[in-house]
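Here is a short note on this entry. The points follow the structure.

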Amino acid sequence: MVNKLIKEDTKMFLTGNEVLAYAANAAEAEFMYGYPITPQNEIMHTWCKLLPKTEAGFLQTEDEISAGFSTLGGILAGKRAFTATAGPGNVIMQDAMSMAEMMRIPFVCAVMQRGGPSTATVIYAQQETRLTCYGGNGEGFRIVYSTAGHQDLFDYMIKAFNTAWKYRFPTFVLADGYQGKMREPVTLYDPASRGIKMVPVEASLLAPGKIGTDRPSNHLRNTFNMEEELMEVLDEYAVDFAKLEDEISEYEEYKADDAEILIITHGIVARSARTAIDELREKGVKAGMFRPITLRPLAVKPLRAAVSRAKQILFTESANGQLAQMILEAVYGLTTPYSTLYKMGVGVTGDDIVEKVEAMLKQPVTV
Amino acid sequence: MTTKILELPPNLPKSQNEEAGASKFCPGCGHGMVLKTLAFAIDELELKEKSVFGCDIGCSLLSWNYMDIDTVQTHHGRTTAVIYGVTRANPEAIGIAYMGDGGGLAIGAQHLVNAAVRGEKMLIVLVNNTNYGMTGGQMSPTTLPGQRTETTPYGRDCSVTGKPAKGAEMIAAIADSDKSYVARASVSNLRKLRSTFKKALKNVNEGGFSFVEVLSICPLNWRTNNVDTWARLQTMEEFFEVKEFVSREGL
Amino acid sequence: MRTKIALAGEGGQGVQSIAKILVEAGYEADKQVLYIPNFGVEQRGGVSIAFCQISDKTIGEPRYSKADIVIMLSDRAIQRCETYVDENTTIVYDSSICTEAPKCKAKKIIAVEANKIANEQLSARVFNIIILGVLLAATNVLELKDIKNAMEMALGKKFDAKPELRELNYKALEMGMNLITEKAGV
């Protein structure tokens, strides 16, 4: 057991990376495995600084491959363990994330996106959206929360542990370098004070009981001999995953009810969309926003309803349409025309969106 | 006179899974011998209930249910990382990472090196049969000079590929001598292999890091008969010195 | 009201340090604040920009297109930050460092000689604190007591160990404030 540091509601002025470390502690996380890569380093810095008080564990591994796999080891040993990464680190950690998918290991990882492809920038992007949702050689049986600021980071990091341990799919908190590095006020709390009960953890390796008398030895594997043997397992996973949409999918709408122009975006760009919508509404423009919070699984029904109501859609991302690709698949058959505002690896500002929406008003899109 | 056939049960270690049997590996393979010997050593030290066995991909993968202890089969080269992940989270556990020469010295070399440097509480068993068996017999880091494999069909040319990697020597050079046990053994002497495993496991049980490289055989990919297999193993033992590299009193 | 402030200079000029003091002061004064430090790949030696926002209401966008006030402390900072300037922006630049004045169209361009003053009258170490004083005087966002409070939080221990440092820093802050005779209207 670890010592929880936040016992009552505490307002603090922190960077997002610091918030994530506090959130993991609030969620009673017991162990972090990590490897340095900007812009997520301060998660481990904070975690390590707090260790004498929390009495949790930490291991700095030799790379993200090992950070991912040793996290799996820690979880199999029955600890609420987690890791964090970004950019090229996220790429090479996919191998471990795939193993978590295949073996239904409650892996939790915070992804602080940076510019890509390759080393690109250490600053910010939303270019790991597809990778985080669908990376690895699998089917994307993953749960992904896309956060839009520090309160989200705290809330969803706690939630990620519970979702992972309850449903046993790898679970991600998808944020970015802005959220990691920026400072803004946040209220930290003890999850119990919000009625949140942490899902108990259990060991898969060295579980209680004597082998042979109390239980058989546990042989965990992810290799199958026959094609059909694999499909049988994956079909079951697909059924389990499909149920999640009703149970855990989340989204946020902002002035979307009567929106004629619906902005679809996620993560921190949603904050810029809010700024833009406020400005546009003052000018009498009926703009609104649909922001999926869970990118996997998407809240498809409310998404389709919002898209159906609107006259035009605007996709905006700090990437080249990675979210839009997923959304377009989910709204197949609907005919609302759309336009795009993509800034690859660059922040989208409120002004950018206002300008784009005004252009769409002048000349409505047709496809 | 009637013939009476005595049915004697095989002498299996308790830590071996009776149901899995030895037939998982190719005829003449060394893995069965190594695993059975390891299981006897675990029995002798009464570590069955504390041990976690991790196996790599490659032929070592087939050991996924060989032992009657908790086991996890991981990815190519990643067993070391998974197992120290386990022992860091559960310091009571005796972690055993089981891999081949490819998993240990090529695709997972960074984990091997860093686990040794950090003195992770685990035993790494590296079974060296000088080739990638499961993928069809390609050159591995330990393929002998001149040895024919699928990717060195005219024999390993060390001027192109470098010389065979000596894992035990490398680990001996970087491991903390106060808490490590490093040895190379061979399937030619199972009694000695068993005592080597016992020392290695004892060291881990006392919180140390152990590395045991086992010279093994692969008649199928070597395309050797019994006599030639044995001769090849002799050649390997001349090239890769069989001895304890790092040990201490009391093990 | 929301005030958008960009501070830009060379790595090592202490831009991020004063940005931290600024936003900390805003936070302690119960304002909504948002601060993004922006470095290149190299955390030393590149142009370092601090994007700060201080507001009475919840802040939406983390980054903005145009700032209300941009502080430019080197030639490269001028080049890099012209993009955040429009006709509503006030620019403050250090004319004792920059070889040329910014040429972009702004509401107002103010030259200060903080670097020269720091070197000749105080200490090179408090150059950034002079700039903080300039920023405080140029804007109507925060009060002197807020900044002093935040400086004590950031530097109090150092000040206690060396009381002359406190005096030096406060002097720098005051001299910076005196460099601005007119409010920039932000």
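1. What radius of gyration would a compact globule of 186 residues have, and what does chain C have? Such a globule would be near 16 Å, and chain C has 15 Å, so the two agree. The radius is taken over C-alpha atoms, and the rule is 2.2 Å times the number of residues to the power 0.38.

2. This is a predicted model: local features need pLDDT of at least 70, side-chain atom pairs count only at pLDDT 80 or more, and totals for chains, interfaces and linings use all residues. Residues are numbered from 1 along each chain as its sequence is written, while chains are lettered from A and ligands numbered from 1 in the order written.

3. The C-alpha atoms of chain C fill a box of roughly 45 × 40 × 35 Å along the principal axes. Of its 186 residues, 49% are buried (20 or more other C-beta atoms within 10 Å of the residue's own, C-beta atoms being placed from the backbone).

4. Chain C has six helices and six strands (DSSP runs: H or I of at least four residues, E of at least two). Their order from the N terminus is β-α-β-β-β-α-β-β-α-α-α-α.

5. The largest nonpolar core has 248 residues (buried Ala, Val, Leu, Ile, Met, Phe, Trp, Tyr and Cys joined through C-beta atoms within 7 Å). Helix α4 (residues 127-138) of chain C gives the largest share, ten residues. Domain 1 (10-194) and domain 2 (252-362) of chain A both contribute, so the core lies between them; the bounds come from an automatic or database domain assignment.

6. A:A23 is among the residues with the most contacts inside this core. Beyond its neighbours within four places in sequence, A:A23 contacts A:L153, A:F154, A:M157 and A:I158 (C-beta atoms within 7 Å).

Definitions and conventions
A residue is buried if 20 or more other C-beta atoms lie within 10 Å of its own, exposed if 12 or fewer, and partly exposed in between; C-beta atoms are placed from the backbone. Two residues are in contact if their C-beta atoms, placed from the backbone, lie within 7 Å.
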